[in-house]
Every structure is written in structure tokens, then in C-alpha cells.
Amino acid sequence: MSFLFGNRSSKTFKPRKNIPEGSHQYELLKHAEATLGSGNLRLAVMYEYHWADGTNIKKPIKCSAPKYIDYLMTWVQDQLDDETLFPSKIGVPFPRNFMSVAKTILKRLFRVYAHIYHQHFDSVIQLQEEAHLNTSFKHFIFFIQEFNLIDRKELAPLQELIEKLTTKDR
């Protein structure tokens with residue numbers, strides 16, 4: 001849960017006041033409030049971060065969002081730099097497990113978007129960068145939808161936002 005709402009051990013999650021109705025932040029907070037209040041705790045607890053890369057860290061370890069993102073970005077860069085997974089020479093075939101690796105990379109990168117939207121959207125708004133974030137996320141979503149790269153259940157944390165951002169373009 002700390003991934004979604006920070007370390008609020010002494011506080012109860014309550015939506016912040018004075019958020020403009022209809023804004024993305026308002027929608028995200030309403031979704032979180034509805035999810036937490038509905039008794040559907042599966043959605044509320046499925047985003048705790050556990051990192052394992054299968055080589056350096058075989059048994060999943062609990063970690064904070066910043067540490068998870070650090071592990072993730074390092075791991076993604078290692079995958080991209082691996083010539084056996086992402087060959088850079090013309091005519092060298094991609095390995096049989098390429099789609100599996102690509103799907104894992106994208107599923108984990110989606111978690112970064114989910115973290116930003118759920119935990120840091122206030123900062124994004126203060127920086128007046130929500131249009132850039134939304135455009136980047138929308139492009140990411142169109143790409144993963146076009147090639148069926150992430151299971152719908154994995155997108156649950158931002159499903160309402162995904163529907164809102166992509167409805168106009170159907």
C-alpha cells in the first residue's frame with residue numbers, strides 16, 4: 001500500500017479537499033476511495049513492490065517504490081544492452097523468449113506510470129506537466145494495446161484513466 005499512498009502509518013487515507021472535479025487527480029482519488037471502501041482489498045493490496053530479477057535477486061524482496069524503480073531501470077537497461085535479447089546487427093534473429101522478456105519489461109514499466117499517477121500527480125500538476133505525462137502514458141497504452149503486450153488485469157490500477165484517455169481515439 002505504501003506504493004499507492006505513501007507512508008501514512010498514523011493517518012487514514014482521505015481524499016484531499018479542493019481538487020477540481022473532473023480533473024485526472026480527482027478521478028484517481030475517487031477510484032482509490034471507491035476501491036478501498038468497496039471491500040475489494042485485492043485491488044488495494046496487489047501493488048506492494050517485491051523485486052526479483054531472476055539472476056542477482058532470485059527471491060523477491062520487499063522494497064520502496066524508489067528502490068523498485070532503481071532496480072527496474074537498471075534491469076531494463078541490462079536487457080536492452082544484452083545482444084542475445086536485443087540484437088543490434090542486421091540479420092541476427094531475436095531469441096524465442098523475446099516476447100516474454102518484452103512483455104515483462106512493459107508490465108514493469110507500467111508500474112512506474114501507476115506510481116507516478118497515484119503518488120506524485122500533485123507534483124506533476126504543480127509543475128504543469130500533466131499534458132506531457134498523459135501524452136506519454138497514452139502513447140504507451142496504445143502501443144501495448146496494439147500488440148497485446150500487457151494483460152488487462154495488470155492495467156487495473158489505472159483502468160479508468162486508460163479508458164478516459166483512449167475513448168476519444170477509438
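Gln79 has its place in helix H4, where helices are DSSP runs of H or I with at least four residues, strands are runs of E with at least two, and both are numbered from the N terminus. With a relative accessibility of 13%, Gln79 counts as buried; the term buried denotes under 20% relative accessible area, exposed over 50%, and partly exposed the range in between, for a 1.4 Å probe and protein chains only. Leaving aside residues up to four places away in sequence, Gln79 touches Leu85, Phe86, Val101 and Ile105, a contact being heavy atoms within 4.5 Å.

The model is predicted, so local features need pLDDT of at least 70 and side-chain atom pairs count only at pLDDT 80 or more, whereas totals for chains, interfaces and linings use all residues. Residues are numbered from 1 along each chain as its sequence is written, and side-chain values use heavy atoms, with hydrogens and water left out.

Helix H4 also holds Leu72, which counts as buried because its relative accessibility is 0%. Residues up to four places away in sequence again being set aside, Leu72 touches Trp51, Arg108, Leu109 and Val112. Between Leu72 and Ile105 there are 33 positions in sequence, and their C-alpha atoms lie 8.5 Å apart in space.

Helix H4 comprises the 17 residues 65-81, which at 1.5 Å a residue should span 24 Å; the C-alpha atoms at its ends are 24 Å apart, in agreement with that value. The expected span is 1.5 Å times one less than the number of residues. Buried in H4 are Ala65, Tyr68, Ile69, Leu72, Trp75, Val76 and Gln79. These residues lie on the same side of H4 because they cover an arc of only 135 degrees around the axis, the arc being that of the directions from the helix axis to the C-beta atoms. An α-helix has 3.6 residues a turn, so residues three or four places apart point the same way. On the face of H4 turned away from its buried side are the exposed residues Pro66 and Asp81.

The wider fold can now be considered. The protein chain contains eight helices and two strands, arranged along the sequence in the pattern α-α-α-β-β-α-α-α-α-α. Of its 170 residues, 36% count as buried. Among contacts in the chain with a separation of 6 or more, 56% come from residues 24 or more positions apart. The accessible surface of the chain is about 11,200 Å², 54% of which belongs to carbon and sulfur atoms; these areas come from the Shrake-Rupley method with a 1.4 Å probe, and for residues only the protein chains shown count as cover.

The largest nonpolar core has 19 residues, of which Phe110, Tyr117, Phe137, Phe140, Ile144 and Leu158 touch the most other members. Such a core is a set of buried Ala, Val, Leu, Ile, Met, Phe, Trp, Tyr and Cys residues joined through side-chain atoms within 4.5 Å. Two or more residues are given to this core by each of helix H5 (98-119), helix H6 (121-126), helix H7 (130-146) and helix H8 (159-166). A second, separate core of 15 residues includes Trp51, Tyr68, Ile69 and Phe86.

The unreviewed UniProt entry carries the annotation "binding site" for His115 and His120; UniProt positions are given in the numbering used here, feature names are shortened, and annotations may be inferred rather than shown by experiment. His115 is in helix H5 and counts as buried at 7% relative accessibility. His120, by contrast, is in the loop between H5 and H6 and is partly exposed, with a relative accessible area of 35%.
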